[in-house]
Amino acid sequence: MIINLNLKSDIPIFEQIVNQIIFAIYHGELKSGTPLPPVRTLAESLGINFMTVNKAYQVLKEMGYIKTYGRAGTKVCDKEESDLETKEEIDKLKQILARLKLMGMTDGELEKEIYSFLAEAAI
């Protein structure tokens, strides 16, 4: 798993890590049961404070994507273990789509972007 950070981005670093791990899971790069690097190891490899990685892992745990098993480390959850709040995620997506519409995107442009993403992300 390769994480690329954009230190000049307005998106907080912990959120960039969260997003990239979610996409890696979605794309099948991180499968169920795959161990993630320890917090300090990942922080050192990225050149950032370990608390930033710790916050990202905490968010991913709360979202149900990963689980910590004590000394066995942190692993990607099985779908059965995952307790994702689908309705909340759909509500967030609706808010994003509404903002894009207010910014001038047409239904056709939104549809094209969504289908393009789904085609690229097919697993």
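In which sense do strand 1 and strand 3 pair, and over how many bridges? The sense is antiparallel, and strand 1 and strand 3 (residues 74-76) pair over two bridges. Two strands count as paired if DSSP finds at least two bridges between them. Helices (H or I, at least four residues) and strands (E, at least two) are DSSP runs, numbered from the N terminus.

A word on the source. This is a predicted model, where local features need pLDDT of at least 70 and side-chain atom pairs count only at pLDDT 80 or more, while totals for chains, interfaces and linings use all residues. Residues are numbered from 1 along each chain as its sequence is written, and side-chain values use heavy atoms, with hydrogens and water left out.

Back to the sheet. Take Pro35: its bridge partner in strand 3 is Lys75. The sheet is open, with three strands in the order 1-3-2 and antiparallel pairing. Strand 1 (35-36) and strand 2 (66-68) stand at the edges. Each has a single partner strand, so one side of each is left without a neighbour in the sheet. Helix 3 (residues 50-63) packs on this sheet. Helix 3 touches strand 1, strand 2 and strand 3, where contact means heavy atoms within 4.5 Å. The direction of helix 3 makes about 110 degrees with that of strand 2. Axes here are lines fitted to C-alpha atoms, for helices over the stretch in contact, and angles run from 0 to 180 degrees between N-to-C directions.

Now the whole chain. How many helices and strands are there? Five helices and three strands. In sequence order the pattern reads α-β-α-α-β-β-α-α. The C-alpha trace spans about 50 × 35 × 25 Å along its principal axes. Of the contacts with a separation of 6 or more, 47% join residues 24 or more positions apart.

Next, surface and charge. Of the 123 residues, 22% are buried. Buried means under 20% relative accessible area, exposed over 50%, partly exposed in between (1.4 Å probe, protein chains only). The accessible surface comes to about 8,900 Å², and 56% of that belongs to carbon and sulfur atoms. Those areas come from the Shrake-Rupley method with a 1.4 Å probe. On charge, the chain has 15 positive and 18 negative side chains. The centres of the two sets lie 5 Å apart. Lys and Arg count as positive, Asp and Glu as negative; His and the chain ends are not counted. Each charge is placed at NZ of Lys, CZ of Arg, CG of Asp or CD of Glu.

Last, some single residues. Phe23 is in helix 1 (residues 13-26). Why does Phe23 count as partly exposed? Because its relative accessibility is 40%. Phe23 and Thr52 are 29 residues apart along the chain, and their C-alpha atoms are separated by 19 Å.

Glu29 is in the loop between helix 1 and strand 1. At 58% relative accessibility, Glu29 counts as exposed. From Glu29 to Gln16 is 13 residues in sequence and 17 Å in space, C-alpha to C-alpha.

Helix 4 (residues 86-102) holds Ile90, and Ile96 lies in helix 4 as well. Ile90 is partly exposed at 42%. Ile96 is partly exposed at 37%. The C-alpha atoms of Ile90 and Thr68 are separated by 26 Å. For Ile96 and Arg40, 56 residues apart along the chain, that separation is 33 Å.
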